[in-house]
Amino acid sequence: MVRNKKKIFILFCICILVLSGCGVKKSENLQKRKVAVIMKSTESAFFKAVSSGANAAGTAYNMDILFEGPRNEEDYVTQNKMIEKAIEEKYDAIIFSAVDYNANAKAIEKAAQAGIKIIVIDSDVNSKKVDCRISTNNYNAGKMAGEAVLKNKEKELHIGIVNFDKNSKNGQERERGFKDFIKKDNRVKNVETINVISTVEQAKEQTKEFLKNHQKMNVLVTFNEWTSLGVGYAVKELGIQDKMQVIAFDNNVVSVGMLETGEVDALIVQNPYAMGYLGVESAYNLLNRISLKDKEVNTETICATRKNMYDEEYQKILFAFE
């Protein structure tokens, strides 16, 4: 009898130890993974929407999210330093929007070699070490801008493109898609391009100079949030909104106001919230060895005009900043 009691006691102790071990393992599994979301900047409505999406997914998937970016959208050096810091602090994943397609590549490859999962959103980087890419189909978005331009009824189209940093992949793809689409229309007499520093003030002043040097220009196309505001302000200050067709990108309270009042004729609007959310979701899946359905994902894009901007399906995206 005594021997049986001893056996029962030993079995009880073993069960306690096993259960305790399981508890430790479960606790380790519940430890939050760290994800660095490194964007081109943190100030625009576009990247604030990315942050909202990333934080929502971070809550849903129990992950710690660091959201950061340089002060301006040309500063790839600071981005590279942020990647280095993420490596040093042993982050599990980096969600990245590249300022410079080539100049950011070495830092991203170093992070991948350190075992960090790499998800690119919005703007691509020249690396084969990227695990997943989530963005607007930038070439098609450029074609969408071209389609909006060709609805112009003028007999001749003299087009100016105000693009941002020429080393940024998404801007170049948008311009390529735009040019490919409009070349089929013989009303297009010339297309001139300038690349500007991606700030509202620089875009405004350089657009004014651009128009001064091209008196026949009657169409302006621009490809991101800051340049869109700069072009819109230039058109407003020159008082030429009735003579100039403007196709712009991205949405915030000011650019939507410009769409209402006529400085902008169409806005190509992306879905940055979805990019942020899907980026973190993809990081979770990669870290937990869950197969991704697609390694390249294109998020929704719409073309908003004064005619459709209050339609229910457009409001949800166009007024997302509210």
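Which residue's side chain meets the side chain of lysine 183 in a salt bridge? Aspartate 180 does, with N and O 3.7 Å apart. Keep in mind that this is a predicted model. Lysine 183 counts as exposed at 64% relative accessibility, while aspartate 180 counts as partly exposed at 28%.

**Charged pairs**

Side chains of opposite charge can pair when their charged atoms come close. The structure holds 13 salt bridges, and here are some of them:

| Salt bridge | N to O distance |
|---|---|
| Lysine 183 and aspartate 180 | 3.7 Å |
| Aspartate 124 and arginine 133 | 2.7 Å |
| Arginine 306 and aspartate 265 | 3.0 Å |

Take the pair of arginine 306 and aspartate 265. Arginine 306 is partly exposed, at 36% relative accessible area. Arginine 133, the partner of aspartate 124, is partly exposed too, with a value of 21%.

There's also a network: Glu201, Lys204, Glu205, Lys208 and Glu237 are joined by salt bridges that share partners.

Now look for the open sheet of six strands, which run in the order 2-1-3-4-5-11 with parallel pairing. Strand 2 (63-68) and strand 11 (296-299) are at the edges; each has a single partner strand, so one side of each has no neighbour in the sheet. From one strand to the next, the twist averages 15 degrees.

Valine 37 has isoleucine 95 in strand 3 as its bridge partner.

In soluble globular proteins, nonpolar side chains tend to be buried together. Here the largest nonpolar core has 29 residues, and Leu220, Leu267 and Leu318 have the most contacts inside it. Among the elements that give two or more residues to this core are helix 7 (200-213), strand 9 (245-249) and helix 11 (312-318). Helix 8 gives the most, with four residues.

What does leucine 318 touch, leaving aside neighbours within four places in sequence? Its contacts are Asn251, Val256, Leu259, Leu267, Val269, Ala304 and Met309. A second, separate core has 21 residues, including Phe178, Val219, Ile247 and Phe249.

**Cysteines**

The disulfide count comes to zero. Cysteine 132 is buried at 1% relative accessibility, and cysteine 303 is buried at 17%.

Definitions and conventions
Residues numbered from 1 in each chain as written. Predicted model: local features only at pLDDT ≥ 70, side-chain atom pairs only at ≥ 80, totals over all residues. Heavy atoms only, no water. Pairing = 2+ DSSP bridges. Axes fitted to C-alpha atoms, helices over the stretch in contact; angles between N-to-C directions. Core = buried A, V, L, I, M, F, W, Y, C linked by side-chain atoms within 4.5 Å. Buried < 20%, exposed > 50% of the residue type's maximum accessible area, 1.4 Å probe, protein only. Contact = heavy atoms within 4.5 Å. Disulfide = S-S within 2.5 Å. Salt bridge = Lys/Arg side-chain N within 4 Å of Asp/Glu carboxyl O.
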